[in-house]
Structure formats: C-alpha cells, structure tokens
Amino acid sequence: MNGFDTLGLPAALRRSITSALAVRFPQSVLLIGPEEGTRALGRTIAAALLCEQGNPCGRCNSCRKAEKQIHPDLIEIDEEGEIKVETARRVRAEASVLPNDGARKVFLIAHAERMNPVAQNALLKVLEEPPKYCFFLLLTTQPDRILETILSRCTRYQLPPAEEMPDETLLPLLTPYLRALASGSEAGMMRAAVGLEKLSRPQVRAWLSLLQTALRDAVFSAGRLGAPLLPTVSAETGALAARLPVHKLTALYALCGTLSQRAERNAAAAAMTCALTADAYSLAYLE
C-alpha cells in the first residue's frame with residue numbers, strides 16, 4: 001500500500017489531509033476531482049483510517065487487506081448507472097453494524113453524483129450523525145449534481161485536474177531512472193520503472209512528461225542551448241548528455257510520447273515497465 005507521497009497531491013492538500021488524520025479526521029468527506037485521482041486518494045485515506053499505525057504503513061494486516069481489497073471494514077460502492085435508494089438503505093443498514101476487524105468502518109462511494117435525489121436524501125441522517133466508528137468517503141467528478149444538503153454535511157477536499165498536478169512530486173521516482181539510464185544499467189532501469197506500477201494512469205502520464213522534460217534538458221545540455229527546465233536533476237541530465245548522443249536522446253523522447261498514448265488507453269502496468277526497460281535500453285545502447 002503506497003502512502004500519500006506517491007499520489008502527486010499538491011503539498012497543501014497533502015498536509016491538510018495528513019494533519020486531519022493525525023488529529024481528528026472528519027467522518028463525512030467529499031473528494032472532488034478526476035476519477036482516478038479521487039479513487040486512489042479515497043483508498044489511501046481509507047487504508048490510513050484502518051491502519052494499525054495510522055499511516056498507512058503498508059505492512060500491517062489491515063493495510064495488506066485494504067491493498068487486496070478484501071478488508072471487511074472497507075465497503076466500496078461502485079455501481080454502474082444510477083445509484084438508487086436501495087443502495088443508500090443498504091449503506092445505512094451496514095453502518096449500524098459494528099466493525100469486524102478493528103475500531104473503524106469506512107464506506108467509499110464512487111460516482112456519488114450518480115445517486116438520485118431519493119438516495120441522497122436517504123443518506124442525509126447517517127452523514128450528519130454517523131456512528132462514532134463510521135467514516136464516509138464520497139467521490140465525485142461533478143459536485144454540482146450533489147444536493148446542497150449533502151454538501152453541507154461533508155468536508156470537501158478538491159484535487160486539481162490531472163494535467164495540473166505538480167510534476168515535482170514525481171521527481172523522487174524519476175531520479176533513479178535517470179541515473180540508471182545514464183549508467184547503462186538495465187536492471188536499475190527496471191527497478192526504477194517498477195515503482196510506477198502502483199501510480200494512477202494520469203500520474204504515469206505525468207511521470208512520462210517529466211521524463212521527456214529531462215531528456216529535453218539533456219539535449220540542451222549537450223548543445224549548450226539554454227538553462228534546464230528541471231534544475232533539480234541537472235546532474236542526471238548532464239550525465240545523460242555526456243553518455244548518449246543527441247539522436248538517441250531524441251529517440252527516447254519519442255518513445256515517451258508513444259508510451260503516454262498507451263497509458264491513455266490503459267496499457268497494462270507490466271507492459272509499461274517492460275517498455276521503459278527493454279525498449280528504452282535498446283534505443284539507448286543497442287541500436
């Protein structure tokens with residue numbers, strides 16, 4: 001189970017959520033933003049609420065169950081089409097049952113905007129006065145479709161659009177890859193690329209965009225064409241410029257564009273790792 005640092009959240013939002021978790025997290029929360037981003041954030045918050053250490057630590061029995069989506073006290077509601085009152089009543093009934101494994105129970109309701117007005121009204125009371133062990137995480141891309149009575153009962157956390165997520169939060173995942181690429185270590189490239197497999201699809205595309213920027217900096221460094229756009233990794237991009245000719249750097253740049261298109265089509269994580277390892281190594285050192 002990854003923690004909050006891997007989600008690419010704006011620093012202020014990350015601090016707000018982690019600070020609330022450390023003190024008293026609100027029991028009724030609305031997460032607003034891109035679907036994949038809110039889903040990843042919702043599951044991470046749920047894992048933190050259920051974690052034996054409160055992090056989430058990724059090691060305890062609760063975290064392992066949450067990661068495998070088999071935790072009996074994490075109930076995800078993700079229905080196709082309209083969410084009707086029967087579902088809301090089921091959530092209310094389940095909320096009245098004590099937790100199975102620990103002290104808390106978390107409900108994660110995806111596509112909350114799909115709840116029809118009757119279903120939303122059926123949830124009002126439990127959102128306003130939840131049992132002390134219950135937490136409700138409502139996810140939505142369209143808050144304007146949520147009744148004002150629901151909005152008034154929830155603490156809201158809003159993610160920016162995926163394309164506006166701050167790139168610098170992914171630099172810790174980029175640096176090891178750049179170093180391995182510059183040193184010609186295919187095994188190192190694979191180890192670094194494996195770290196991407198648990199990122200959301202928008203985050204993978206943001207990482208690939210960051211890699212393209214680093215490759216651009218390497219090309220500019222080789223030709224002494226201007227200041228780097230990513231000065232934090234200038235040592236790594238300088239090493240790339242010293243090791244690889246410009247035509248190979250530009251070929252790698254093009255590969256990133258291809259992989260970004262694959263990520264948009266929901267390419268398998270393992271296939272992305274393979275491409276960032278074997279394909280990139282071949283372009284850099286074999287062709």
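Mentor: The model is predicted. The protein has 287 residues, and 49% of them are buried. Its secondary structure amounts to 12 helices and 5 strands, and the C-alpha trace spans about 65 × 35 × 30 Å along its principal axes. Of the contacts between residues at least 6 apart in sequence, 77% join residues at least 24 apart.

Now the sheet. It is open, has 5 strands in the order E2-E3-E4-E1-E5, and is paired in parallel. The edges are taken by strand E2 (74–77) and strand E5 (155–158); each has a single partner strand, so one side of each is left without a neighbour in the sheet. From one strand to the next, the twist averages 20°.

On one side, E3 pairs with E2 in the parallel sense over 4 bridges, and glutamate 76 stands opposite leucine 108 in E3. E3 (residues 105–109) is also joined to strand E4 (residues 134–140), again in parallel, by 5 bridges. Within that pairing, phenylalanine 107 has phenylalanine 136 of E4 as its bridge partner.

Side chains in a regular strand alternate between the two faces of the sheet. In E3, Lys105, Phe107 and Ile109 point one way, while Val106 and Leu108 point the other way. Residues on both sides of E3 are buried, Lys105 included. Buried here means under 20% relative accessible area. Because 5 of the 5 residues of E3 are buried, the strand is largely enclosed by the rest of the structure.

For contrast, take a residue from a helix. Proline 176 is found in helix H7, which covers residues 171–183. With a relative accessible area of 38%, proline 176 is partly exposed. Its C-alpha atom is separated by 45 Å from that of alanine 95, which is 81 residues away along the chain.

Conventions
Residues numbered from 1 in each chain as written. Predicted model: local features only at pLDDT ≥ 70, side-chain atom pairs only at ≥ 80, totals over all residues. Heavy atoms only, no water. Helix = DSSP H or I, 4+ residues; strand = E, 2+ residues; numbered from the N terminus. Buried < 20%, exposed > 50% of the residue type's maximum accessible area, 1.4 Å probe, protein only. Contact = heavy atoms within 4.5 Å. Pairing = 2+ DSSP bridges. Axes fitted to C-alpha atoms, helices over the stretch in contact; angles between N-to-C directions.
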